[in-house]
Amino acid sequence: MRTFPQKGDKWSREEMILVFNLYFKLTYGQMDHRNPQVQELAKIMGRSENSVAMRLNNFASCDPMLQARGISGLSAHTKICQPYWDEFFENQETLVFESERILADYQEIPIEEKFKNELFDIPKELSGETKIREVKTRVNQSFFRQIVLANYDGKCALTGIDVKEFLIASHIVPWADNEKERLNPENGICLSALYDKAFDKGFISFDNRGKVLFSNQLKKNSDKDYFKQYFEPLENATIMKPRKYSPNIRFLEYHRNKIFRG
């Protein structure tokens with residue numbers, strides 16, 4: 001049975017990582033003690049809602065994207081939070097999986113049960129390190145999806161479609177191309193399935209300000225009904241402004257140079 005911390009007890013590494021996990025799934029305006037997600041985390045941790053909200057805002061003081069917008073968060077405990085921020089960007093996959101494992105443990109749910117929808121098709125014959133690696137990848141991809149969808153209010157950044165089942169957390173730099181940036185929220189755009197596929201295959205891209213670009217190969221089909229219905233309305237459109245993490249310009253340039261069909 002888990003022992004809850006007492007008032008005044010020092011925060012453990014596990015507790016810090018749990019709050020850091022939630023930090024990425026919230027926008028800045030949601031880091032409030034009245035938020036049900038904050039309340040739920042506080043409950044399973046045995047901490048007060050105010051203390052969890054305060055720690056979230058401490059992490060905000062480490063976030064360069066917020067700093068660029070003139071948002072400073074609560075800087076009193078930046079030194080406590082900064083090592084976790086640095087650890088994440090130095091080794092994202094390890095810390096993300098650790099955070100989801102700890103969260104499942106606090107929720108008293110085996111991690112494979114919690115992520116059964118993501119893991120259902122892993123071959124039964126997989127075992128040992130191979131299986132662990134596959135589970136870790138699927139769990140981390142689920143985390144990435146959560147933070148990207150939250151960043152775009154659960155809507156396709158091009159069309160506003162808000163049916164969760166239709167939405168994809170599209171990598172700008174593909175998963176296989178850059179291990180270090182796989183889980184970086186600046187490397188994701190929320191797109192519905194059609195536009196995710198068009199983006200993934202290089203038929204569309206975006207300039208540094210998020211304006212839609214059509215490839216020459218796609219424009220060859222401009223006289224066809226599907227182009228007029230699904231693509232023509234997006235010509236010169238710009239992706240919606242994300243809540244916290246804008247697409248990194250370096251990643252957009254990579255996509256245009258390496259994947260876009262020009």
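This is a predicted model: local features need pLDDT of at least 70, side-chain atom pairs count only at pLDDT 80 or more; totals for chains, interfaces and linings use all residues.
Residues are numbered from 1 along each chain as its sequence is written, and side-chain values use heavy atoms, with hydrogens and water left out. Local features need pLDDT of at least 70 and side-chain atom pairs count only at pLDDT 80 or more, while totals for chains, interfaces and linings use all residues.

Let's start with the whole thing. The protein chain has 13 helices and four strands; these are DSSP runs numbered from the N terminus, with helices being H or I of at least four residues and strands E of at least two. Its C-alpha trace spans about 70 × 50 × 30 Å along the principal axes.

Now for what's covered. Of the 262 residues, 47% are buried, where buried means under 20% relative accessible area, exposed over 50%, and partly exposed in between, using a 1.4 Å probe and protein chains only. The chain exposes about 14,100 Å², and carbon and sulfur atoms supply 49% of that (areas come from the Shrake-Rupley method with a 1.4 Å probe; for residues, only the protein chains shown count as cover).

β2 pairs with strand β1 (residues 167–171) in the antiparallel sense over five bridges; two strands pair if DSSP finds at least two bridges between them. One of the bridge partners is Leu191, which goes with Ile168.

Next, a helix residue. Glu100 lies in helix α6, residues 92–106, and counts as buried because its relative accessibility is 1%. Leaving aside neighbours within four places in sequence, Glu100 is in contact (heavy atoms within 4.5 Å) with residues including Asn21, Lys25, Lys114 and Phe143.

Gln39 is in helix α2, residues 36–45. With a relative accessible area of 30%, Gln39 is partly exposed. Beyond its neighbours within four places in sequence, Gln39 is in contact with His33, Arg34 and Glu49.
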